[in-house]
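Take a walk through this model with the structure open beside you. Start at the metal, then move to the cores and end at a strand.

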Amino acid sequence: MVTLTLHEARIDMKRPFRHARKARQETASVLVAAEHGGETGWGEAAPREYVTGESVASVLAALRRRELPAGIAELAGAPLEEALAGLAALQLPGLLGERGRPAPAAAAALETALFDLVCRLHGVDGLRALRLAGYGDVLAAEPAPMPVATVLDLGGDPVARLAALPSPVRKAIPHVKLKAGHEVAPVADLVARLGALVPDATVSVDANGAWHAEDVLAQAPRLLAAGVSWLEEPLAPRSWADLARLRQSGLRVMLDESFSSARDLADCTAHQAADLINLRVSKCGGPLRLLALARAASAAGVGVQLGVQVGEVGPLWATGRLIGTALRGTVAVEAGRQDEWFPTHPPLTDPAYQVDRTASRAPALSGPGIGLRPTRALLDLCALTYAEGQR
Ligand SMILES: [Mg+2]
């Protein structure tokens, strides 16, 4: 038997995060606790309508509505490797979806909670469990602090914000991602000025699907001359033919909103529409599914970034940390800015969110599973709680 409890987390952010499609002032996450035998595993969904078509309401409905997929109750009582193999084999995004639309964010919350629960029941750390689950080929044997990208959103002058950092801090930055507005024309100049401040870093631009192909093509020579490393989701999602045209101009393309499944990856490779994809735990359906997609991308010759959803409150950033400190071959890794967005006293999680901003490094967490639990302070901030019956 596995008992699920769902918590709806809506927490005000201390400052809004702005990009071309959204200004976010509060988090919208669903926390899932999976309990068995006195142990609790935690997972989180950060559903975003413009990424997977899911919402907090749809995730809550997906996890409350139905009999959970067959096999879940047995996972808790199975030997470790059998439980991990069984979890990896579940097609949770499809099983939790409706009318043929998968629900990867709901799946991510459930997969993470069950993964964490299985790890805790067997007393194993998350990386060892991921390797035992069959992903040793894409993971390092031991975790290492991950290099953390700097993300500059539309909430201020990005050049001034980067310039304000002390030189040694700028020098440690491995990658800068600029969130762009709807206009393409000003971007090349911004990229050149940012690149001059971080000459050792790569610089990318994320348009969140807000640009038009002709505008980008007109600016392609200037963007290339400015040294942009890649454009993340430049056009409306899944504009495969136009994305291929951008690549033919010499620009490199990363998919984000356009990619959340093996089907998207297949479409992208069939159209030669991208060089890179952005993997995020919530939209990919959980840590095991993310690693399966990372492996498929590698086989298809597509590079990967490990990204975050803005406003991940706990289990999601811990799961991203687990993967980011071990996944091989990433072009960039993000870690979020939870320490700037959320109250830090009392901390929302145990351990509290931690990044070394001076060194642009984030350490691995330790302990069983994803290495993190929500604190009472976080659960007290959750607006609604649903306790589900035993499965
Ligand atoms: Mg993006």
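Buried here means under 20% relative accessible area, exposed over 50%, and partly exposed in between, with a 1.4 Å probe and protein chains only. This is a predicted model: local features need pLDDT of at least 70, side-chain atom pairs count only at pLDDT 80 or more, and totals for chains, interfaces and linings use all residues. Residues are numbered from 1 along each chain as its sequence is written, and side-chain values use heavy atoms, with hydrogens and water left out.

Begin with the magnesium ion. Asp-206 (OD), Glu-232 (OE) and Asp-256 (OD) coordinate it at 2.1 to 2.3 Å. Donors are N, O and S atoms within 2.8 Å of the metal (3.2 Å for Na, K and Ca); water is not among the atoms, so sites may look incomplete. Along the chain, the donors follow the spacing D-x25-E-x23-D. Asp-206 sits in strand β9 (residues 202–206), and Asp-256 in the loop between β11 (253–255) and α13 (262–270), 50 residues apart. Helices (H or I, at least four residues) and strands (E, at least two) are DSSP runs, numbered from the N terminus. Asp-206 is buried, at 0% relative accessible area. Asp-256 is buried too, at 2%.

Next, the nonpolar interior. A nonpolar core is a set of buried Ala, Val, Leu, Ile, Met, Phe, Trp, Tyr and Cys residues joined through side-chain atoms within 4.5 Å. The largest one has 115 residues; Leu-96, Phe-115, Trp-211 and Leu-279 touch the most other members. Helix α6 (residues 104–122) gives the most to this core, with 11 residues. At least three residues come from each of domain 1 (3–136 + 374–390) and domain 2 (146–367), with bounds from an automatic or database domain assignment. A second, separate core of 14 residues includes Ile-11, Met-13, Phe-342 and Cys-382.

Now find Trp-317 in helix α16 (residues 315–324). Trp-317 is buried, with a relative accessible area of 4%. Leaving aside neighbours within four places in sequence, its contacts (heavy atoms within 4.5 Å) include Glu-312, Pro-351, Tyr-353 and Leu-372.

Finish at strand β1 (residues 3–9). Seven of its seven residues are buried, so β1 is largely enclosed by the rest of the structure. Thr-3, Thr-5, His-7 and Ala-9 point one way; Leu-4, Leu-6 and Glu-8 point the other. β1 pairs with strand β4 (residues 29–36) in the antiparallel sense over seven bridges; pairing requires at least two DSSP bridges between two strands. Thr-3 stands opposite Glu-35 in β4.
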